[in-house]
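The exercises below are meant to be worked with the sequence and the coordinates side by side.

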Amino acid sequence: MFVDSDHDSSSKDSSLQSWVAWFCSLAGNEFYIEVPEDFMDDDFNLTGLSSQVPYYEEALEVILDLDSEEYEQDRSEGEGPASSSSTKRVSPKVLEPYAIMLYGLVHQRYLLTRNGLRFMAERYASQDFGTCPRVYCARSPVLPVGRHDHVGKEAVKLYCPSCLDLYNPPKSIYQNIDGAHFGSTYAHLLFETFPGLLPMARPHIYQPKIFGFHVSSLAPTGPSMQWLRQRPPEYIDHTDDDPDDDPQMLDDDDDDEEDQVYYEEQWQQVTFFPLPSPPPAIGVVFVPGIGGWTR
C-alpha cells in the first residue's frame, strides 16, 4: 500500500504541536505571543496564581502538555505522594477556560520580562497590531493593553502612544480577549525601555468650524478639552511631510500656521491659568501608568 510520506510527516508535526502554539494560532488570538515553556516551569514566575485560577494544577498540566501520571509523578518526587483528590480526572471541556485564564495571567507576567518586551517591540514596529484610527496620528502603530490586571473586568483595548488614548479593536473577534492577559503596565514600560519607538507628538488638533470660523471653546458644543491633546513645543514634530496624508482631510498651510498660534495661546492659558472643572458628562480620561503609578 502506497503512503504519502509528506502527508504522514505533516500529520505527525501537527500532532506534536504544543498547546501554546495551538492557542496562539487560533483566529482572534493574534495579539498573543508564545510564552516559553521554561518560563512556565519556574514556580517563582507562577507565584500567587494558584489562588486565582480554579483547577490550577490541572490547567497547568494542559498548558505544558503533561500527562496526568507524569505530572503527578513529578510532584510526588518533590512533595511526597499525591493525594487521592488530586488524582481525579477533570473533563477537558471544564479545564479549557481555566487553562486559557491561567495562560493569560502568565502571558501578562511574561510581557514584563526583557524578552517579552523585545518581542512586543518588534511586533509594534512591524504594525502587527494595527494603527491608530485617529486621523491626525498619521497611522501610528498601537499596542494591545488592558485597563485592569484582574481577569473578567474588561476586553482588550488598543493604546496609541501618539495621542495617548485607548480604542476598541476594529474586529469584534478581539472582544473575546480579556484585557488582563496583557495588563496595564507593559505598554508604558516598553516605551521607557525603548524610547526610540515613541512617536513624536504632532501639532494637529481638530478644530470645529462653522462657515470657516472656529467654534468657541465656551460654546456648549465647542472643543472644551482640547488641552488634553496638547504637548510642550519640544515634544512636537513640525515636519509633517507625509505624502500619504490626504490634503482634503488636513488644513492648508495658512490654516496650519493660524491653528499653531491658537494652540500656543491655549497652551499658555493651560500652563498659567487654572481650568474650570469639566462637566460630569465628560467621563473618565485614560492616564498611562506603570505598576499603578502615574507617569
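A contact means heavy atoms within 4.5 Å. By that criterion, residues 24 or more positions apart account for 68% of the contacts in the protein chain with a separation of 6 or more. This is a predicted model, in which local features need pLDDT of at least 70 and side-chain atom pairs count only at pLDDT 80 or more, while totals for chains, interfaces and linings use all residues. Residues are numbered from 1 along each chain as its sequence is written, and side-chain values use heavy atoms, with hydrogens and water left out.

**Exercise 1.** Describe the secondary structure and the surface of the protein chain.

Step 1. Helices (DSSP runs of H or I, at least four residues) and strands (runs of E, at least two) are numbered from the N terminus; the protein chain has nine helices and seven strands.

Step 2. With buried meaning under 20% relative accessible area, exposed over 50% and partly exposed in between (1.4 Å probe, protein chains only), 36% of the 295 residues count as buried.

**Exercise 2.** Locate the largest nonpolar core and examine Tyr103 within it.

Step 1. A nonpolar core is a set of buried Ala, Val, Leu, Ile, Met, Phe, Trp, Tyr and Cys residues joined through side-chain atoms within 4.5 Å. The largest one has 49 residues, among which Leu102, Tyr103 and Tyr186 touch the most other members. Helix α6 (residues 92-110) contributes the largest share of this core, six residues.

**Exercise 3.** Which residues form salt bridges, and how accessible is Arg123?

Step 1. A salt bridge is a side-chain nitrogen of Lys or Arg within 4 Å of a carboxyl oxygen of Asp or Glu, and a search of the whole structure finds three.

Step 2. Arg118 pairs with Glu122, with the closest N and O atoms 3.5 Å apart; both lie in helix α7 (residues 114-125), four residues apart, about one turn of the helix. Arg118 is partly exposed at 35% relative accessibility, and Glu122 is partly exposed at 44%.

Step 3. Asp128 forms a salt bridge with Arg123, again with closest N and O atoms 3.5 Å apart; Asp128 is partly exposed at 43%, whereas Arg123 is buried at 18%.

Step 4. Glu154 and Arg147 meet at 2.8 Å, N to O, with Glu154 partly exposed at 23% and Arg147 partly exposed at 44%.

**Exercise 4.** Classify the aromatic pairs Tyr55 with Tyr98 and Tyr124 with Phe191.

Step 1. Rings of Phe, Tyr and Trp (its six-membered ring) pair if their centres lie within 6.5 Å; planes under 30 degrees apart count as stacked, over 60 as edge-to-face and the rest as tilted. The structure holds twelve aromatic pairs.

Step 2. Tyr55 and Tyr98 form a tilted pair, 5.7 Å centre to centre with 50° between the planes. This pair links distant parts of the chain, with Tyr55 in the loop between α3 (37-41) and α4 (56-63) and Tyr98 in helix α6, 43 residues apart. Tyr55 is partly exposed at 39%, as is Tyr98 at 24%.

Step 3. Tyr124 and Phe191 form an edge-to-face pair, 5.4 Å centre to centre with 85° between the planes. Tyr124 lies in helix α7 and Phe191 in helix α8 (residues 186-193), so the pair ties together parts 67 residues apart in sequence. Tyr124 is buried at 3% relative accessibility, and Phe191 is buried at 3%.
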